[in-house]
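Hi everyone, thanks for coming. I'd like to walk you through one model today, with an eye on its charged side chains and one of its helices. Here it is on the screen.

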Amino acid sequence: MKELIAKLSLLDSTGWSALAAVVTAVMTVIYTFGTLLLWISTRSTVKILKTQLDNQSKQIKSAANSQIISSHRELFLAILQDEDLSRALFGTKRGADADLIRRRWLGTILINHCYLIFAEHQTGVIIGEFYEFVEDAKDLFSFGIVRSRWEEVRDFHRADFARFIDIWVLDLDLH
């Protein structure tokens, strides 16, 4: 019996300790590998969520721009179409003065419409050929109403939109 206890003591002090060390090492490798996979998965999920958040942000900005410009257009058109509102705003101006105001407003509505399309292209909400939009904008800015109004309101627009109109649409050499 003493011999059996001695053999078990020997096994316990050498064999079981070695086995425990191997098991611990294997478990550590498995744990480390699992942690790495979890990190990769989390990183991928965060990238996807960031892309979704960016897209949602673009959509919100787009909706806000669209709503502001639509409200602006509706207000201008309502005033222009209502005699009482026109009289209240323009006073007793008739003829050339009233026509000039209407032309300016129409120019503003068209420029803002062009800006909305430009902004939607810039944010990626509108996906399509940009050169087609450039050609449409060139047609729009060929109207005297729009061109003259642009000269009056250019400085009130975003710098990137103003550069786009000046360089791509009006073919101005700004150097």
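Let me start with a term: buried means under 20% relative accessible area, exposed means over 50%, and partly exposed is in between, using a 1.4 Å probe and protein chains only. This is a predicted model, so local features need pLDDT of at least 70 and side-chain atom pairs count only at pLDDT 80 or more, while totals for chains, interfaces and linings use all residues. Residues are numbered from 1 along each chain as its sequence is written, and side-chain values use heavy atoms, with hydrogens and water left out.

Now, salt bridges. I call it a salt bridge when a side-chain nitrogen of Lys or Arg is within 4 Å of a carboxyl oxygen of Asp or Glu. By that rule the count comes to 7.

Take Asp 54 and Lys 50, which are joined by a salt bridge of 2.9 Å, N to O. Both sit in helix H1, residues 2-81, and they are 4 residues apart, about one turn of the helix. Helices here are DSSP runs of H or I with at least four residues, numbered from the N terminus. How accessible is Asp 54? Its relative accessibility is 34%, so Asp 54 counts as partly exposed. Lys 50 is at 52%, so Lys 50 counts as exposed.

Further along, Arg 158 pairs with Asp 160, with the closest N and O atoms 2.6 Å apart. Arg 158 is partly exposed at 38%, and Asp 160 is partly exposed too, at 25%. There is also a network of salt bridges linking Arg 104, Arg 149 and Glu 152.

Next, a charged residue without a partner. Glu 120, in helix H3 (residues 96-123), is buried yet has no salt bridge. Which side chain of opposite charge is nearest to Glu 120? That is Arg 158, 9.5 Å away; in this count Lys and Arg are positive, Asp and Glu are negative, and His and the chain ends are left out.

Last stop, helix H4, residues 130-141. Its buried residues are Phe 133, Val 134, Ala 137, Leu 140 and Phe 141. Looking down the axis of H4, these fall within an arc of 120°, so they line one face of the helix; the arc is taken from the directions from the helix axis to the C-beta atoms. On the face turned away from that buried side, you'll find the exposed residues Tyr 131, Asp 136 and Asp 139.

Notes. Helix = DSSP H or I, 4+ residues; strand = E, 2+ residues; numbered from the N terminus. Expected span 1.5 Å × (residues − 1).
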